[in-house]
Amino acid sequence: GTRVWLRENGQHFPSTVNSCAEGVVVFRTDYGQVFTYKQSTITHQKVTVMHPMDEAGVDDMASLTELHGGSIMYNLFQRYKRNQIYVQIG
């Protein structure tokens with residue numbers, strides 16, 4: 001159930017590790033997509049652990065620990081769900 005950023009086709013997807021068995025890792029994105037990889041093929045460029053602060057959303061987007069398009073959109077979405085639509089940058 002570890003929360004990660006999964007890079008696929010040049011995009012970062014907020015994802016959860018669904019299973020890791022027999023050398024195969026299954027990821028499910030927050031958008032319902034499922035990706036399966038051999039454990040030996042996973043690199044730091046492909047998967048990075050999501051910082052808990054990024055998962056909850058931050059007021060100042062410059063304080064995101066992972067700063068890429070996926071994290072910005074995910075942060076905006078988390079804030080939108082809490083009706084906190086205004087953010088600071090810098």
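**Strands, a buried serine and the surface**

User: Which residue is the bridge partner of glutamate 8 in strand 2?
Analyst: The model discussed here is a predicted one. Strand 1, residues 3–8, pairs with strand 2 in the antiparallel sense over six bridges. Within strand 2, the bridge partner of glutamate 8 is glutamine 11.

User: What is the phi of asparagine 9, in the turn between strand 1 and strand 2?
Analyst: Strand 1 and strand 2 form a hairpin, and two residues lie between them. Asparagine 9 is in that turn, and its phi is positive, at about 55°.

User: How many bridges join strand 2 to strand 3, and what is the phi of glutamate 22 in the turn?
Analyst: Strand 3 covers residues 24–29 and runs antiparallel to strand 2, with six bridges joining them. These two strands also form a hairpin with two residues between them. In its turn, glutamate 22 has a positive phi of about 50°.

User: Is serine 15 buried or exposed?
Analyst: Serine 15 is placed in strand 2, residues 11–21. A residue is called buried when its relative accessible area is under 20%. The value for serine 15 is 0%, so this residue is buried.

User: Which residue in strand 3 is the bridge partner of serine 15?
Analyst: Not counting residues up to four places away in sequence, serine 15 touches Thr2, Arg3, Val4, Leu6, Arg28, Thr29 and Asp30. One of these contacts, Thr29, is also the bridge partner in strand 3: threonine 29.

User: Which backbone oxygen does the side chain of serine 15 reach, and at what distance?
Analyst: A polar contact requires a pair of N or O atoms within 3.5 Å. The side chain of serine 15 reaches the backbone oxygen of phenylalanine 13, at 3.0 Å.

User: How does phenylalanine 77 count in accessibility, and what is the accessible area of the nonpolar patch with Phe77?
Analyst: Phenylalanine 77 is in helix 2, residues 69–81. Phe77, Tyr80, Ile85 and Tyr86 form a nonpolar patch on the surface, and their accessible area together is about 530 Å².

Definitions and conventions: Residues are numbered from 1 along each chain as its sequence is written. This is a predicted model: local features need pLDDT of at least 70, side-chain atom pairs count only at pLDDT 80 or more; totals for chains, interfaces and linings use all residues. Side-chain values use heavy atoms; hydrogens and water are left out. Helices (H or I, at least four residues) and strands (E, at least two) are DSSP runs, numbered from the N terminus. Buried means under 20% relative accessible area, exposed over 50%, partly exposed in between (1.4 Å probe, protein chains only). A polar contact is a pair of N or O atoms within 3.5 Å; within protein, one must be able to donate a hydrogen and the other to accept it, and residues adjacent in sequence count only if both atoms are side-chain atoms. Contact means heavy atoms within 4.5 Å. Two strands pair if DSSP finds at least two bridges between them. Patches are made of residues with over 30% relative accessible area and no salt bridge: like charges are joined within 9 Å, nonpolar side chains (Val, Leu, Ile, Met, Phe, Trp, Tyr) within 5 Å. Accessible areas come from the Shrake-Rupley method with a 1.4 Å probe; for residues, only the protein chains shown count as cover. A salt bridge is a side-chain nitrogen of Lys or Arg within 4 Å of a carboxyl oxygen of Asp or Glu.
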